[in-house]
Amino acid sequence: HLLGYKKGADGKPEIIPEEAETVKLIYTMFLDGHSMKNIALILHVKGIHTKTGSTEWRTNTITRILQNEKYVQEAAAAQAGTPALPEGRPIGADSP
């Protein structure tokens with residue numbers, strides 16, 4: 001399960017806005033120079049929940065989010081101002 005997404009009624013990924021904001025916050029903090037440990041602590045102090053409902057964030061969870069290709073592609077598409085396809089490829093991107 002990806003933080004920020006759930007399986008929609010049609011079986012396709014559907015964005016969960018609150019969780020998507022958490023993912024954006026994680027990327028913002030990382031790009032601002034925060035360590036994984038610091039990001040985990042900030043999320044915990046803010047009471048932000050993990051996908052499992054806990055407020056205890058682990059550094060390896062933060063690392064997995066930051067390294068997950070789905071999020072990286074979404075972030076790149078957003079930064080470029082290009083809508084992303086459901087599988088995370090920007091519109092107009094070459095097929096794999």
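Among contacts (heavy atoms within 4.5 Å) between residues at least 6 apart in sequence, 32% join residues at least 24 apart. This is a predicted model, in which local features need pLDDT of at least 70 and side-chain atom pairs count only at pLDDT 80 or more, while totals for chains, interfaces and linings use all residues. Residues are numbered from 1 along each chain as its sequence is written, and side-chain values use heavy atoms, with hydrogens and water left out.

**Overall layout**

- The protein has four helices and two strands. Helices (H or I, at least four residues) and strands (E, at least two) are DSSP runs, numbered from the N terminus.
- From the N terminus on, the order is β-β-α-α-α-α.
- Of the 96 residues, 27% count as buried. Buried means under 20% relative accessible area, exposed over 50%, and partly exposed in between (1.4 Å probe, protein chains only).
- The accessible surface is about 6600 Å², and 55% of that belongs to carbon and sulfur atoms. Areas come from the Shrake-Rupley method with a 1.4 Å probe; for residues, only the protein chains shown count as cover.

**Nonpolar core**

- The largest nonpolar core holds 15 residues. Such a core is a set of buried Ala, Val, Leu, Ile, Met, Phe, Trp, Tyr and Cys residues joined through side-chain atoms within 4.5 Å.
- Ile-26, Leu-43, Trp-57, Ile-62, Ile-65 and Tyr-71 touch the most other members.
- At least two residues of this core come from each of α1 (17–31), α2 (36–45) and α3 (59–67). The most come from α1, with four.
- Setting aside neighbours within four places in sequence, Trp-57 contacts core members Ile-26, Leu-43, Ile-62 and Ile-65. Its other partners include Leu-3, Thr-22, His-44 and Thr-50.

**Glu-19**

- Glu-19 sits in helix α1.
- Glu-19 counts as buried because its relative accessibility is 18%.
- Beyond neighbours within four places in sequence, Glu-19 is in contact with Leu-2, Leu-3, Gly-4, Tyr-5 and Lys-51.

**Second largest pocket**

- About 290 Å³ of space lies in this pocket. On a 1 Å grid over the protein atoms alone, a pocket is an open set of points where a 1.4 Å probe fits, with protein on both sides within 12 Å along at least five of seven lines. The volume is the space filled by probe spheres set on the points, which are joined across faces, edges and corners.
- The lining has 15 residues (an atom within 4 Å of a point), with Thr-50, Lys-51, Thr-61, Arg-64 and Ile-65 nearest the centre.
- α3 gives the most to this lining, with three residues.
- By class, the lining has five nonpolar, six polar and four charged residues. Ala, Val, Leu, Ile, Met, Phe, Trp, Tyr, Cys and Pro count as nonpolar, Asp, Glu, Lys and Arg as charged, and the others, Gly among them, as polar.
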